[in-house]
Every structure is written in C-alpha cells, then in structure tokens.
Amino acid sequence: MTRPVQGLRAWGLQRISSLYLLGFILFVGGFFLVDPPLGYQQWRQWVARPGVSVGTALFFIMLLVHAWVGIRDVIMDYAHNLVLRVVLLGVVAFGLIACGAWAARVLVGASTG
Amino acid sequence: MRSPRARPVFLNLLRIRQSVTAIASILHRLSGLLLVVSIPILIYFFDVSLRDARGFAMVEAAFDSIAGRLLLVIMCWSLTHHMLAGIRFLLIDLDVGVEIATARRSAAAVIALGLILALAVIGFAL
C-alpha cells in the first residue's frame, strides 16, 4: 500500500479519542471524588440516565480506539517476527472488541430490567 | 566509504544514560500498558457493581481490601502520568514546548506532577 502520508488516520484517532477520554475522566472522576454514589440504587439509577449511558458508551468506544492505536504501536516496535506480530495484534484486537461487547452488554443491562 | 554493516551499534538501553524526556516517554508507554491491562478488570467491576446490591457491596469491599487498594494506587498513578505526559505530547504536536530546554523542564514537571497528583487523589479518596 502506498500513500503519501501513511499512519495519519491512526495518529488523528489517537489524539481525538484522547480529548474525549480526558474530558470524561476529569468530569466523571471529579464528580465521583466529591459526590460518590451512596449505594446500589443510586449508582444504578445514575448509570441508567440516558446522558450517562450514552456518554459512557462513547467513553468505551473512544477508550478501545485509543488503546488499540497505542498497543499496536508497542507491538510493532517490539515484535519484529511477522507471525508473532500477527498473532499478538490478532489476540489484542480480539480482546479489545470483546471488552467493547462486554461493556455494551453491561450498559444495556443497567438501562433495562 | 565503509558499508553500513560495519557501523558499530550499541543499544543496551539499561547502560545508556537516559534523558529526563526519555524517562517521561517510557513511563508514558508503561502506564499506557498498565491501563490497557486494567480495561477488562474495570469492566468486570463495572458489571458486578450494577447487577444487584450484593454485587455493589462486593465491589466496595474489593476496593477496601489491601490488594484492591494497591491496584487503585497503581492505576491512579498510571492514569495521572499517562494523562499529563499525553497532554505534553499533544502540546508538542502543536509545536508548543519543542525547544530542548522547555521540553526537559516539561518532562520533569510531568513526572513530578504525575506522582503528586496521584498522591493527592489517593489521599483525598481515603
């Protein structure tokens, strides 16, 4: 594959996702430090709020994108053998997508039932 | 002219004196790796805490245990360092702080602030 600027998309996604993650962590983290949920009901109700639910779903999507770009860089830096590299990238990609599906399931479960 | 293969190579990272910017950078990578490893753990506790009141209590107890607190301390530092070092990189992307003197100062600041902020958060939360 030949492109004049290769890797720009990953670079951009990593930066954009980092901004959302930063905002979310500062906002929610700060919120929890000063006003943590005081029990299961309050916690569950808070997570079930549409804004919180969607914001958290977005957080996990951004987190997985950001984590993928980062880990991919690390694997490419240290795993030079092609087979090893493909296996590692595959396992990590699989794991991250599975984490995404798991998080989605948790959020849907908290919003219903 | 000598062929490139004759050039001497010395890449023993542990025996090369690393600059403060190199240390900030490798800690950024290390903290990133720790954070990624913690993702499934985070989702697990998220899941259990939302299932029922007993799950919520179990998660609270887990974070009160010694192992849980140690994990929180490590993850707290990983997060603060990774965020601060990341912001430093974002600024460098925008050509802010690229000069070597500024870069060294900001790297030292990021390392120190990462530790201080982590301690502050941990102290506040306890």
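In chain B, Val20(B), Thr21(B), Ile23(B) and Ala24(B) of helix 1 meet Ala103(B), Arg104(B), Ala107(B), Ala108(B) and Ile111(B) of helix 4 (contact means heavy atoms within 4.5 Å; helices are DSSP runs of H or I with at least four residues, numbered from the N terminus). This is a predicted model, where local features need pLDDT of at least 70 and side-chain atom pairs count only at pLDDT 80 or more, while totals for chains, interfaces and linings use all residues. Residues are numbered from 1 along each chain as its sequence is written, chains are lettered from A and ligands numbered from 1 in the order in which they are written, and side-chain values use heavy atoms, with hydrogens and water left out.

**Helices 1 and 4 of chain B**

- Helix 1 of chain B packs against helix 4 (residues 100–125) of chain B at an angle of about 45 degrees, and their axes are 8 Å apart.
- Helix 1 and helix 4 of chain B are therefore oblique to each other (angles under 35 degrees count as roughly parallel, over 145 as roughly antiparallel, 65 to 115 as roughly perpendicular and the rest as oblique).

**Helix 4 of chain A**

- Helix 4 (residues 82–111) of chain A has 30 residues and reaches 43 Å from its first C-alpha to its last, close to the 44 Å expected at 1.5 Å a residue (the expected span is 1.5 Å times one less than the number of residues).
- Among the buried residues of helix 4 of chain A are Leu89(A), Leu96(A) and Cys99(A) (buried means under 20% relative accessible area, exposed over 50%, partly exposed in between, with a 1.4 Å probe and protein chains only).
- The buried residues of this helix pack against helix 2 (40–48) and helix 3 (50–78) of chain A, together with helix 1 (20–51) of chain B.

- Gln14(A) sits in helix 1 (residues 8–34) of chain A and is buried, with a relative accessible area of 16%.
- Leaving aside neighbours within four places in sequence, Gln14(A) is in contact with His66(A), Val69(A), Gly70(A) and Asp73(A).
- Gly86(B), in helix 3 (residues 66–93) of chain B, is buried at 18% relative accessible area.
- Not counting residues up to four places away in sequence, Gly86(B) touches His28(B) and His81(B).

**A loop residue to look at**

- Asp95(B) lies in the loop between helix 3 and helix 4 of chain B, and at 61% relative accessibility it counts as exposed.
- Asp95(B) has a positive phi of about 65 degrees although it is not a glycine.
- Most residues other than glycine have a negative phi.

How values were computed
Helices (H or I, at least four residues) and strands (E, at least two) are DSSP runs, numbered from the N terminus. Axes are lines fitted to C-alpha atoms, for helices over the stretch in contact, and angles run from 0 to 180 degrees between N-to-C directions.
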